[in-house]
Amino acid sequence: MLFIPLPFVVALLLLILFVTVLRREEEAAPNRPFLALILLSVLLSILSGLRWGYGVQAVSMVAPVIAALVPPLTYAGVSRLVRTSRRSLPARIALHAVPAAVILLLITFRRDTIDIALVLVFVGYAVAILLLMRPGADALRLAPFEGAVPAYRAIIFAAAALCLSAAVDIFVFLDFTWAHGAHAMTLISVSNLAILVILGIAAAAASRSRAPAETVEMTPRPETIEDKETIAAVDALMEAKKLYHDANLNLDRLARKAGIPARQISAAINRAMDKNVSQYVNDYRIGEACRLLADTEKSVTEVMFDVGFQTKSNFNREFRRVTDMTPVAWRQKKAGPTC
């Protein structure tokens, strides 16, 4: 009977995930680094199957170089949601190719230092990603408000997976030092596959927000006069122009419409309302959804699209956050004798 290592099965599942994400990308430009990250996870899973399933030793010469590309691709995908890069594409590619080039040199001249170098690369990029995400979901200035919170959570999971991968490398290094690699095969086979799956799913989830946010002050401070004026201006714009109807509305676009810096809007809403801008905009959407559900015969799906949502999962989640009930339950309650 033909032996099919588990990594090959994982590779197939990740490939299916890649195709699903690729089909999901509609007219908007896809987040190519995240798509490349999923494909790279497929390749690493295949290499893991060849190395640990069939004993192909040559894989150990290639896998570290490819693994060194994972953190830069993760960072590049996050960066596309957080800010517009001022560097040219060739410059960005050259910069993020440095870790892989360093690992390639170490394979040639100092193989004993590869594990330490990979740990530094993974931890370094994880820290860089977490620094980008310090403002929370509002960091995703170019991401549509609807998907900002799920994307933020997926990015945090991706950063955690990078740290976990570094921890695994450290453990494997110590295992070879103290126990001659007695546990290395099991650890690598299980943990690295889990990490690849986490990264793949996180990249797929984060790629739903395809397009980055200014830094917001996370330390609570008293509301200022400027905050009140900023929120009043944004409120007036939202009510007059109903910008929340735009499903692709993001912090960058809102800032341009209001003529107010994105950082100022984000900081004012965070301080005065104790919420991020995504929640602020979705509050408007849910408020109108409640009115439409109570006063019209439109279906829940029609209402969802009318107020600016694109997916039922996000609509239901935000509706429950605001009202503590589902859209159907809300309509039934308003249709009851207590209306």
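This is a predicted model: local features need pLDDT of at least 70, side-chain atom pairs count only at pLDDT 80 or more; totals for chains, interfaces and linings use all residues.
Biologist: Let's begin with the inside. How many residues does the largest nonpolar core have?

Modeller: That core has 39 residues. Those with the most contacts inside it are V70, V78, I103, I129, M133, L140 and I155.

Biologist: Which elements give two or more residues to this core?

Modeller: They are α2 (32-53), α3 (59-67), α4 (70-82), α6 (98-109), α7 (114-132) and α8 (145-179). The largest share comes from α7, with 10 residues. There is also a second, separate core of 20 residues, and L237, L249, L254 and I260 are among them.

Biologist: Why would nonpolar side chains be buried together?

Modeller: In soluble globular proteins, that is what nonpolar side chains tend to do.

Biologist: Pick one residue for me. Where does I155 lie, and is it buried or exposed?

Modeller: I155 lies in helix α8. It counts as buried because its relative accessibility is 1%, and the cut-off for buried is under 20%.

Biologist: Now the surface. Which residues form a nonpolar patch there?

Modeller: V9, L12, L13 and I16 do, with about 370 Å² of accessible area together. L13 is in helix α1 (residues 6-24). With 54% relative accessibility, L13 counts as exposed, since the cut-off for that is over 50%.

Biologist: Changing topic: how many aromatic pairs are there?

Modeller: The count comes to 6 aromatic pairs. One of them is Y280 with Y284, where the ring centres are 5.5 Å apart and the planes are at 80°, so the pair is edge-to-face.

Biologist: And how are Y280 and Y284 placed along helix α13?

Modeller: They are 4 residues apart in that helix (residues 277-295), so about one helical turn separates them. Y280 is buried at a relative accessible area of 3%, and Y284 is buried too, at 17%.

Biologist: Speaking of charge, how many salt bridges does the structure hold?

Modeller: It holds 9 salt bridges. Side chains of opposite charge can pair when their charged atoms come close. As one example, R271 pairs with D227, and their closest N and O atoms are 2.9 Å apart. R271 is in helix α12 (residues 262-273) and D227 is in helix α10 (residues 225-241), so this bridge ties together parts that are 44 residues apart in sequence.

Biologist: Are R271 and D227 buried or exposed?

Modeller: Both are buried. Look at D306 and K298 next, whose side chains meet in a salt bridge at 2.6 Å, N to O. D306 counts as partly exposed at 29% relative accessibility, and K298 is partly exposed as well, with a relative accessible area of 32%.

Biologist: What about E318 and R321?

Modeller: They form a salt bridge with the closest N and O atoms 2.8 Å apart. The two residues are 3 apart in helix α15, so about one helical turn lies between them. E318 counts as buried at 4% relative accessibility, whereas R321 is partly exposed at 33%.

Biologist: Which residues are joined into one network with E318 and R321?

Modeller: K275, D283 and R317 are, through salt bridges that share partners.

Biologist: Last one: is E288 buried or exposed?

Modeller: E288, which lies in helix α13, is buried, with a relative accessible area of 12%. The C-alpha atoms of E288 and V303 are separated by 8.8 Å, and these residues are 15 apart along the chain.

Methods. Residues are numbered from 1 along each chain as its sequence is written. Side-chain values use heavy atoms; hydrogens and water are left out. A nonpolar core is a set of buried Ala, Val, Leu, Ile, Met, Phe, Trp, Tyr and Cys residues joined through side-chain atoms within 4.5 Å. Buried means under 20% relative accessible area, exposed over 50%, partly exposed in between (1.4 Å probe, protein chains only). Rings of Phe, Tyr and Trp (its six-membered ring) pair if their centres lie within 6.5 Å; planes under 30 degrees apart count as stacked, over 60 as edge-to-face and the rest as tilted. Patches are made of residues with over 30% relative accessible area and no salt bridge: like charges are joined within 9 Å, nonpolar side chains (Val, Leu, Ile, Met, Phe, Trp, Tyr) within 5 Å. Accessible areas come from the Shrake-Rupley method with a 1.4 Å probe; for residues, only the protein chains shown count as cover. A salt bridge is a side-chain nitrogen of Lys or Arg within 4 Å of a carboxyl oxygen of Asp or Glu.
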